[in-house]
2 protein chains.
Amino acid sequence: MKTYYAVIFISTLYERTDEYEDMAKRMEQLAEQQPGYLGLDSVRSEIGITVSYWEDLNAIRNWKSNIDHLNVQRIGKEKWYRSYKVRICRVEKEYFFENNK
Amino acid sequence: MKTYYAVIFISTLYERTDEYEDMAKRMEQLAEQQPGYLGLDSVRSEIGITVSYWEDLNAIRNWKSNIDHLNVQRIGKEKWYRSYKVRICRVEKEYFFENNK
């Protein structure tokens, strides 16, 4: 397995608004255009967990400092997020299961 | 930061039943009793993402081979899960944000 990285972003919101959802969708589309982006899994109910996958740490750094993303990070801290946790991880092992029944 | 590990478990279900929810709750309680367990974040809507945190790879191996957990893994594959992905990751960096407004 070729090593790659995961960013685990866990957040709680003040309120789940359309404005927030639009921004999240836009950020997803923006991330897709970043060099080294590999994919994303995301779900929100009581909390939100988004895991994005990247080729290397440099790709993550570039995404973190993308100018539109920086702007949204600022607004997010001011307005949307009650709290969040970010963990940057090296994926060491993986296995997948698909049911064929 | 002391290195630790995260297991990212992403799954889709055939159906979200009470039986499934009970099992998930029981597994959470069982994990808490495992040596090297550090915590867990979990959410389900269209998909489920559960991230559990562990002191080292050995703690993850022990949890994977816990006899009650093995039993649930078997039933899960037969009955509950349409698909799942497991990724075992080393957490290299983390930062947290709490809004004080």
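Me: Helices (H or I, at least four residues) and strands (E, at least two) are DSSP runs, numbered from the N terminus; in which helix does A:M23 lie?

Reply: A:M23 lies in helix α1 of chain A, which covers residues 18-32. The structure is a predicted model, in which local features need pLDDT of at least 70 and side-chain atom pairs count only at pLDDT 80 or more, whereas totals for chains, interfaces and linings use all residues. Residues are numbered from 1 along each chain as its sequence is written, chains are lettered from A and ligands numbered from 1 in the order in which they are written, and side-chain values use heavy atoms, with hydrogens and water left out.

Me: Why is A:M23 called buried?

Reply: Buried means under 20% relative accessible area, exposed over 50%, and partly exposed in between (1.4 Å probe, protein chains only). The relative accessible area of A:M23 is 4%, so this residue counts as buried. Leaving out residues up to four places away in sequence, A:M23 touches A:V72, A:W80 and A:Y81, where contact means heavy atoms within 4.5 Å.

Me: What makes strand β3 of chain B largely enclosed?

Reply: Six of the seven residues of this strand (residues 48-54) are buried, so the rest of the structure largely encloses it.

Me: Which strands are joined by 15 bridges?

Reply: β4(A) and β4(B) are joined by 15 bridges and run antiparallel, with B:S83 in β4(B) as the bridge partner of A:E98. Within chain A, β4(A) pairs with β1(A) over ten bridges, also in the antiparallel sense, and A:K85 in β4(A) is the bridge partner of A:I10.

Me: Which residues touch the most other members of the largest nonpolar core?

Reply: A nonpolar core is a set of buried Ala, Val, Leu, Ile, Met, Phe, Trp, Tyr and Cys residues joined through side-chain atoms within 4.5 Å. Of the 22 residues in the largest one, A:I8, A:I49, A:V51, B:I8, B:I49 and B:V51 touch the most other members. The elements giving two or more residues to this core are β1 (4-13), β3 (48-54) and β4 (81-98) of chain A, together with β1, β3 and β4 (81-98) of chain B. Neighbours within four places aside, the contacts of A:I49 include A:I8, A:F9, B:I49 and B:V51.

Me: How do you know that chain A and chain B are related by a two-fold axis?

Reply: Superposed by least squares on the C-alpha atoms of residues with pLDDT of at least 70 in both, chain A can be laid on chain B with an RMSD of 0.0 Å by a turn of 180 degrees and a shift of 0.0 Å along the axis. That is the relation of a two-fold axis. The same surface serves both copies, since 100% of the contact residues of chain A recur in chain B.

Me: How much area do chain A and chain B bury between them?

Reply: Buried area is the accessible area (1.4 Å probe) that two parts lose on being put together, summed over both. For these chains the value is about 3700 Å², 59% of it on carbon and sulfur atoms. In chain A, A:R87, A:Y95 and A:F97 lose the most area to chain B, together 19% of what that side buries. The contact takes 41 residues from each of chain A and chain B.

Terms used:
Pairing = 2+ DSSP bridges.
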